[in-house]
Amino acid sequence: MFSVIPAIDILDGKVVRLTQGDYNQVEYYDYTPVEIAKLYVSHGAKRIHLVDLDGAKDGKLVNDSVFKDIRAAVSCELELGGGIRTIDAATNLFNLGFDYLVLGSLLTKDFQTATDIISAFPNQIIAGIDLKDGAVAVEGWLESSAISLSNLLSKLENLPVSSVICTNISKDGMLQGPDTEGLISLSSQTTLPIIASGGVSCIQDIHTLQKYYKSGIIGCIVGKALLSQSLDLN
C-alpha cells in the first residue's frame with residue numbers, strides 16, 4: 001500500500017520547514033514537536049518522518065531530547081535522520097524505540113561505517129539520498145558529493161536497506177509538486193523501494209505518485225503542505 005508519511009523537521013528544538021534546504025530560509029511553527037506528532041497520529045498517520053536539522057549540519061544528533069519526548073508520546077512508527085554517524089548512535093536510538101533510522105551523508109563520507117550499521121540492523125536503515133542539480137548533496141544539503149547517484153545506488157543494491165528516501169532539494173518546501181520524472185528515473189536504476197520527498201502540495205500530487213507504485217515508488221513524505229494546511233492527512 002502506498003504510504004503518506006508526515007514529516008517533522010526540528011531546528012533549535014522547534015518545528016520548522018526550510019525552503020530548498022536553505023538554513024537561511026527557515027519558517028517556524030507554533031506547534032511543539034510533541035503536539036504536531038500527536039496531531040498527525042490523530043489524523044491517521046502510521047509513521048512519522050523526523051529530521052534533526054541541527055544534527056544534519058553538525059554531524060551528530062543534537063535534538064535527542066525532543067525525539068525522546070516524541071517517542072514517549074506516540075505509538076506509531078518513527079523514522080529518524082540527521083547526524084547519525086556511528087553504530088553506537090544507531091544502537092542507542094533503536095534501544096530508545098525508534099523503528100527506522102535514515103543515513104544520508106554517511107553513505108558518501110564513510111560507506112564502510114554505513115555498511116556496518118545497515119548490516120547490524122537489516123531492513124531498519126533507510127538510505128536518504130538528497131539531490132541538488134542532479135548531484136548527491138550531503139551535510140544538511142550544504143555540500144555536493146563526488147559520488148554519482150548511479151554509483152551510490154549500485155553500492156546499496158545488495159545491502160539489506162529498507163528503502164530509499166529521495167529528496168529533490170529544488171522542490172523541497174516549494175509546494176510546486178514532486179519531481180515525478182526524476183523519481184521514475186531513479187526507480188528504474190534500483191530494485192530498492194523509493195519514498196518520494198519534496199514538493200508534494202496537494203492530494204493530486206499524491207495520486208500522481210501512486211500511479212507508479214508498481215514501479216517501486218511506495219510512498220511520499222509530506223511536510224510543508226500539512227503545516228500550511230494545503231493538504232490534510234484525512
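# Close-up views of a predicted model

**View 1. Cysteines without disulfides.** Across the whole structure, a search finds zero disulfides. C76 takes part in no disulfide, and the nearest cysteine sulfur, that of C220, is 16 Å away. The structure shown here and in the other views is a predicted model. A disulfide is a covalent bond between the sulfur atoms of two cysteines. A pair would count as a disulfide with the sulfur atoms within 2.5 Å. C76 is buried, with 8% relative accessibility, whereas C202 is partly exposed, with a relative accessible area of 27%.

View 2. D9 belongs to strand β1, which covers residues 3–11. Is D9 buried or exposed? D9 has a relative accessible area of 6% and is therefore buried, since the limit for buried is under 20%. The side chain of D9 makes a polar contact of 2.8 Å with the side chain of R17. Beyond the neighbours within four places in sequence, D9 is in contact with K14, V15, V16, R17, V51 and L53.

View 3. D12 is located in the loop between β1 and β2, the latter spanning 14–19. Most residues other than glycine have a negative phi, and most peptide bonds are trans. D12 is not a glycine, yet its phi is positive, at about 55°.

**View 4. H49 and its partner E79.** Strand β4, residues 47–52, contains H49. H49 is buried, its relative accessible area being 9%. Which residue meets the side chain of H49 in a polar contact of 2.6 Å? The partner is E79, again through its side chain. With neighbours within four places in sequence left aside, the contacts of H49 are I5, P6, A7, I8, E79, V102, I165 and I221.

**View 5. Strands β4, β5 and β6.** Strands β4 and β5 run parallel and are joined by five bridges. R47 has E77 as its bridge partner in β5. Strand β5 (residues 77–81) also runs parallel to β6, with three bridges between the two. L80 stands opposite L101 of β6. How much of β5 is covered? Four of the five residues of β5 are buried, and the strand is mostly covered. In β6 (residues 100–103), Y100 and V102 point one way, while L101 and L103 point the other way. All four of these β6 residues are buried.

**View 6. Charges over aromatic rings.** The ring of Y100 has the charged end of R47 over it, 4.1 Å from the ring centre. At F111, K155 lies over the face of the ring, at 4.2 Å from the ring centre.

**View 7. The aromatic pair.** One aromatic pair is present in the structure. F94 and F121 form this tilted pair, with 4.5 Å from centre to centre and 35° between the planes. Which parts of the chain does the pair link? F94 is in helix α4 (residues 87–95), and F121 is in the loop between α6 (111–120) and β7 (125–132). The two residues are 27 residues apart, and the pair links distant parts of the chain. Both F94 and F121 are buried.

View 8. N123 is partly exposed, with a relative accessible area of 47%. Although N123 is not a glycine, its phi is positive, at about 65°.

**View 9. I217 in strand β12.** I217 lies in strand β12, which covers residues 217–222. At a relative accessible area of 0%, I217 is buried. Which residues contact I217, apart from its neighbours within four places in sequence? They are F2, L183, I184, S187, I194, L209 and Y212. A89 and I217 are 128 residues apart along the chain, and their C-alpha atoms are separated by 29 Å.

Conventions
Residues numbered from 1 in each chain as written. Predicted model: local features only at pLDDT ≥ 70, side-chain atom pairs only at ≥ 80, totals over all residues. Heavy atoms only, no water. Buried < 20%, exposed > 50% of the residue type's maximum accessible area, 1.4 Å probe, protein only. Polar contact = N/O pair within 3.5 Å; in protein donor to acceptor, adjacent residues only side chain to side chain. Contact = heavy atoms within 4.5 Å. Phe/Tyr/Trp six-rings, centres within 6.5 Å; stacked < 30°, edge-to-face > 60°. Lys NZ or Arg CZ within 6 Å of the ring centre and 35° of its normal. Pairing = 2+ DSSP bridges.
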